[in-house]
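Welcome, and thanks for taking a look. Please have the sequence and the 3D view open while you read.

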Amino acid sequence: MSRVRVLVGTRKGAFLLESDGKRENWKVSGPHFAGWEIYHIKGSSVDPNRLYASQTSGWFGQIIQRSDDGGKTWHQPGTPPGEPTTTPDGTPKGESNKFVYDTSPKSGKPLTTHQFYDGTQHPWEFKRVWHLEPSLTDPDTVYAGVEDAALFRTTDGGQTWHELAGLRGHGTGPKWQPGAGGMCLHTILLDPSNPKRIFIAISSAGAFRTDDAGKTWRPINRGLKSQYIPDPNAEVGHCVHRIAMHRSRPGVLFMQKHWDVMRSEDAGDSWQEVSGNLPTDFGFPIEVHAHEPNTVYVVPIKSDGEHYPPEGKLRVYRSRTGGNEWEALTKGLPQRDCYVNVLRDAMAVDSLDSCGVYFGTTGGQVYTSADAGNTWAPIVRDLPAVVSVEVQTIP
Amino acid sequence: MIRVILPPHLRTLANIEGEVALQVEGPATQRSVLDALEARYPMLCGTIRDHVTQQRRPFVRFFACEEDLSHEPPDAPLPDAVASGAELFFIVGAIAGG
């Protein structure tokens, strides 16, 4: 029987939650990297034992961790366990934690400053890795979305990272500005049908697409409406919170924006609002059912000023029609006095026959539904605030 | 021999227990001590000083002989008591918040 492994990043460490296909009894391990913020953990779809984690700290900076045994042991890819940490001449071997913006003349363009909160130009400064997206074909290739917004890639299993500088250099970079959570590149979607096509999203610049494997990029924000942006047709400046796609239909995208839930039928060239009957269209995560490309999940949050569920009721909303018509999923979720948030990377689905849905809260709960959202139960209740949730379906 | 104390999170990261004893080439300075530390524990590169600028990270401080040496130039000689190993060189994660 297949089993699942849920990878949970929290403000104070990582946790792995494992179960068989019934998803009733769970084994919890952790905290791994205790005391550090774990922004994201994700496994390779090619090799489920290969995991990558972003470990970060306001004090000590960015660490990349890798596991080759499904999370039992971890190491920094530049210094594999058991090997000398330096070359014979004493030089440090690995630079797996080093994210340096590309300022080479070859990359062209300014690549130097972006718009700051006060409207002035501000230098790009690396802060942390928000999201790690392993390649769909090679376990050694991983994309990293970072703050200040940029896209990096490793092709050697995380030992070294290099920027895909065409994104920042394509022209609109000086107009990007940080959202309240920083200027982060938080979403990376790899098109399974076209290895040269990648979608990314940045708060609060918007969504972007490359069709040449990252050399050139263009904004894909037409149809997004953002309050307070003077130009209603602004090419960038939209606070996209998350994008999702179904692998069978990669040209159809779903977006949870700061406000508004959106859908694109043309790979982001244009967007239409599909918020429909949601109680509020503010929120962070958005996910698509593993087997039903038109079934979408969001977690409505009251407002940008009040980051908790409306009426103190934690409700996942599901649309089986690709948006516009939404139903509240409440069975097993707290329906009173609940004031947690669900962050943008904290929702995931497994690919078992009966699709499992998972999400984590800032209150430390991780909920699962083994029946596509009809009923829910907590796997754990008292973790540190959950930042990210990913799930692996393991044969 | 220079004796260095790391903050707990960095000891965990580098799999170190207790203090670290480092042999430093030439005069004992912040830079030479950190160079020696990172050469032995490359996983610490970037955690105490920036990968590129080599500037001390903002919330990391250096103390020795009951003095805050954080703002001393990186090539200034460390106190003799540190250079001789009589006193410890402390790398500290700043306490912040309430």
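The report below goes through the two chains and then their contact.

## About the model

This is a predicted model, in which local features need pLDDT of at least 70 and side-chain atom pairs count only at pLDDT 80 or more, while totals for chains, interfaces and linings use all residues. Residues are numbered from 1 along each chain as its sequence is written, with chains lettered from A and ligands numbered from 1 in the order in which they are written.

## Chain A as a whole

Let us begin with chain A. It has one helix and 29 strands; helices (H or I, at least four residues) and strands (E, at least two) are DSSP runs, numbered from the N terminus. The radius of gyration of chain A, taken over C-alpha atoms, is 20 Å. The C-alpha atoms of chain A fill a box of roughly 60 × 50 × 40 Å along the principal axes.

Buried residues make up 51% of the 395 residues in chain A. A residue is called buried if 20 or more other C-beta atoms, placed from the backbone, lie within 10 Å of its own, exposed if 12 or fewer, and partly exposed in between. Of the contacts in chain A with a separation of 6 or more, 50% join residues 24 or more positions apart; a contact means C-beta atoms, placed from the backbone, within 7 Å.

## The nonpolar core

A nonpolar core here is a set of buried Ala, Val, Leu, Ile, Met, Phe, Trp, Tyr and Cys residues joined through C-beta atoms within 7 Å. The largest one holds 129 residues, and the members that touch the most others are A:Val6, A:Val8, A:Ile243, A:Tyr358, A:Val366 and A:Val389.

What does A:Ile243 touch, not counting residues up to four places away in sequence? Its contacts are A:Thr187, A:Leu189, A:Phe199, A:Ala201, A:Ala207, A:Leu253, A:Phe254 and A:Met255.

## A four-stranded sheet in chain A

Chain A has an open sheet with antiparallel pairing, in the order β21-β22-β23-β24; two strands pair if DSSP finds at least two bridges between them. Strands β21 (282-288) and β24 (327-329) of chain A stand at the edges with a single partner strand each, so one side of each has no neighbour in the sheet.

Strand β23 (residues 316-319) of chain A is joined to β24(A) by three bridges, and A:Tyr317 has A:Ala328 as its bridge partner in β24(A).

## Chain B and its sheet

Chain B has three helices and five strands, in the pattern β-α-β-α-β-β-α-β along the sequence. Its radius of gyration is 12 Å, close to the 13 Å that the globule rule gives for 98 residues, so chain B is as compact as a globular protein of that length. Buried residues make up 32% of chain B.

The five strands form an open, mixed sheet in the order β2-β1-β5-β3-β4 (chain B). Strands β1 (residues 2-5) and β5 (residues 89-93) of chain B pair in the parallel sense over two bridges, and B:Phe89 in β5(B) is the bridge partner of B:Val4. Helix α2 (residues 30-40) of chain B packs on this sheet, touching β1, β2, β3 (60-64) and β5 of chain B.

## Where the chains meet

The contact takes 21 residues from chain A and 17 residues from chain B. On the side of chain A that touches chain B, strand β6 (residues 61-67) of chain A gives the most, with three residues.

Notes. Contact = placed C-beta atoms within 7 Å. Axes fitted to C-alpha atoms, helices over the stretch in contact; angles between N-to-C directions. Rg over C-alpha atoms; globule rule 2.2 N^0.38 Å.
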